[in-house]
Amino acid sequence: MTLELQGVDAGYGRTQVLRGVDLASEPEGVVAVLGHNGAGKTTLVRVAVGLLRPTRGRVLWEGEDITSLAPHRRVARGLAYVPQGQQSFGQLTTMENLQLVADRVRPRARRGALVDAAVERFPALTAVATRKAGLLSGGQRQQLAIARALITEPRLLVLDEPTEGIQPNVVAEIETAVTDLAASGTAVLLVEQHVGFALAAAARYVVLAAGRVASSGDGGEDAHGGVREALRI
Ligand SMILES: Nc1ncnc2c1ncn2[C@@H]1O[C@H](COP(=O)(O)OP(=O)(O)OP(=O)(O)O)[C@@H](O)[C@H]1O
Ligand SMILES: [Mg+2]
């Protein structure tokens, strides 16, 4: 097990969002986090990556308590995060955005290869290499955001709704990239509202409802019934 949340409560000020959430990533493969708008999915991943301190419970990385570890230190240990909403530096070009992450890589000699590998994963980025990120389509921006995260060579990649608001033809490209990544040994924690894709990709799933784990189990076709019931759809 790589990343684990144990009995996590978390929220904003007096508003409690998560209540006693347990979650574990798989050493390889995808764990999907499902749930309706406002269920607490983003809050959960913010706790996972260290942007929000839980008010109760613990976060473990390979068995070690990292509840108080700063986000950048988690990145250094192999935890990468692509926030909801395809954020990059809009005034910088695609390549400059990638280079910015690569500039922190040691040893220096590795930087070029990591940028090349990230672009290879998303060939659509080649055509827009010199375009400002602010002028990219939503799908291109999402691919850039994932490519940036890959340059840190994550062991666990946390993706918060990577296909949200993206044209259907690009959704398939992103889904393929996520599946390929998982197949090539990068564990993925995937927040996703598309139940079909999430369950097809996931080794395990968790459904959040009103900040609690309403259902969890193995992914795949057989999970649809349990997930639909937990989501009341
Ligand atoms: N910064 C904040 N301050 C106060 N309340 C917040 C904040 N962020 C989120 N919330 C509230 O916490 C609850 C859970 O929000 P969260 O963003 O975790 O849900 P989500 O499952 O990611 O939803 P979505 O599918 O819309 O992204 C919601 O009621 C939301 O309004
Ligand atoms: Mg969210």
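Biologist: Is E161 buried or exposed here?
Modeller: E161 counts as buried because its relative accessibility is 6%, where buried means under 20% relative accessible area, exposed over 50% and partly exposed in between, with a 1.4 Å probe and protein chains only. This is a predicted model, in which local features need pLDDT of at least 70 and side-chain atom pairs count only at pLDDT 80 or more, while totals for chains, interfaces and linings use all residues. Side-chain values use heavy atoms, without hydrogens and water, and residues are numbered from 1 along each chain as its sequence is written.

Biologist: And what does the side chain of E161 make a polar contact with?
Modeller: The partner is the side chain of Q193, at 3.3 Å; a polar contact is a pair of N or O atoms within 3.5 Å, and within protein one must be able to donate a hydrogen and the other to accept it, with residues adjacent in sequence counting only if both atoms are side-chain atoms.

Biologist: Changing topic, where is the cis peptide bond?
Modeller: The cis peptide bond joins R106 and P107, with omega about -5°.

Biologist: Which residues other than glycine have a positive phi?
Modeller: Among them are E62, with phi near 50°, and A210, with phi also near 50°.

Biologist: How exposed are they, then?
Modeller: E62 counts as partly exposed because its relative accessibility is 45%, whereas A210, at 63% relative accessibility, counts as exposed.

Terms used:
Chains are lettered from A and ligands numbered from 1 in the order in which they are written.
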